Amino acid sequence: MRHSSVALILCAALVFSLPLHAQDSASFQPKGKFSGYMFGDYYYNVQQKDTSKKDLNGFQFRRIYFTYDYAIAPNFDTRFRLEASQAELFSNGKIGVFVKDAWLKWKNIFDGSDFVFGMSPTPTYEASEDVWGYRPLEKTIMDLRGIVAPRDIGVDLKGKLIGNGTVNYWLKVGNNSGNVPESDKFKRFYGQIHIKPTPQVQLIASADFDAGPRITDLSGQPRDHNGINLSGFAGYREPNKYSLGIEGFYRTIQNNFHDPVKEALALDDQTTIGVSLFAWGAVSDDVRLVGRFDLFDPNTSLDKDGIYLFIGALDYAPSADVHIMPNIYFQSYQADFASDVIARITFYYIFK
């Protein structure tokens with residue numbers, strides 16, 4: 001698609017035609033920092049849609065992060081992060097390790113804005129995941145349902161639209177291949193406006209356009225196959241006291257669905273929607289109650305294909321960086337009235 005290449009060329013031309021800010025680096029010393037976190041569980045499958053997994057139980061690590069942040073110069077930072085995950089296994093079945101982040105940030109490339117190149121986060125749900133604060137219990141809804149990948153290789157321009165930081169922007173052009181090398185000429189374009197009217201409140205509107213290759217329908221006719229995502233988030237947080245959030249999205253993919261009720265050869269656009277409500281509140285200095293409810297409809301043209309998710313947890317933190325979280329994970333499938341019920345004790349610890 002030609003406009004993908006044109007956009008990349010214009011973006012590069014804009015960035016590298018900007019004057020380099022003078023930096024007083026005489027006293028600067030490059031420095032690095034290692035950090036990371038781990039979380040896993042003891043789990044017991046009380047009930048499963050896949051009945052062969054009922055009563056399965058055991059200990060597991062669901063994620064291990066190992067991160068190195070390095071300040072190259074006063075205006076250049078970089079990050080390299082590895083992730084070990086049971087979702088990525090080696091051929092011998094052991095837990096796999098892959099590159100999660102590998103980016104260079106040119107800070108304050110012009111007043112109030114940073115430029116990022118490499119494998120880096122996508123804009124869509126970074127803030128909502130921060131307000132949710134319980135990634136060890138589950139991903140946020142758009143990540144969980146595969147609506148937008150958490151990482152993409154590309155270029156970002158992000159910063160302040162208003163000098164005090166109450167209105168911010170984030171633009172990104174990426175391969176749309178996640179952590180996988182590019183295999184086609186099509187790109188994904190992301191945009192976000194992030195408003196912080198007070199230190200407690202965050203309001204976010206995001207959109208992205210997924211440029212895809214044309215496909216052939218059942219009659220042999222070429223059809224467009226692009227995707228558009230619109231999402232919004234509102235959150236309120238009082239640090240160490242409580243947090244509330246609501247996140248929703250609307251996604252359309254052109255000619256991605258064959259409705260058997262309609263003309264046999266016709267393709268329809270597929271629309272997917274979802275909404276997530278979550279909250280946590282402190283009971284004491286080291287105990288919190290956590291709750292979340294999600295509604296996900298993968299195709300609004302079909303009946304009874306919705307998925308409902310409920311998570312309830314108690315978070316006990318004997319140390320600021322150590323969390324023990326007994327929790328119940330309940331997921332219900334509208335299509336066949338089946339459900340997954342998992343009892344877990346989740347362990348989460350941070351090193352920095």
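A salt bridge is a side-chain nitrogen of Lys or Arg within 4 Å of a carboxyl oxygen of Asp or Glu. The model is predicted: local features need pLDDT of at least 70, side-chain atom pairs count only at pLDDT 80 or more, and totals for chains, interfaces and linings use all residues. Residues are numbered from 1 along each chain as its sequence is written, and side-chain values use heavy atoms, with hydrogens and water left out.

**Exercise 1.** Describe the contact between K172 and D156 and its setting.

Step 1. The two side chains form a salt bridge, with 2.8 Å from N to O.
Step 2. K172 sits in strand β7 (residues 167-174) and D156 in strand β6 (residues 151-160), 16 residues apart; strands (E, at least two residues) and helices (H or I, at least four) are DSSP runs, numbered from the N terminus.
Step 3. K172 has 1% relative accessibility and counts as buried; D156, at 2%, is buried too. Buried means under 20% relative accessible area, exposed over 50%, partly exposed in between (1.4 Å probe, protein chains only).

**Exercise 2.** Which parts of the chain does the salt bridge between D130 and R237 link?

Step 1. The closest N and O atoms of D130 and R237 are 3.0 Å apart.
Step 2. D130 belongs to helix α2 (residues 126-132) and R237 to strand β12 (residues 227-238), 107 residues apart.
Step 3. D130 is partly exposed at 44% relative accessibility, and R237 is partly exposed at 25%.

**Exercise 3.** How many salt bridges does the structure hold?

Step 1. The total is 16.
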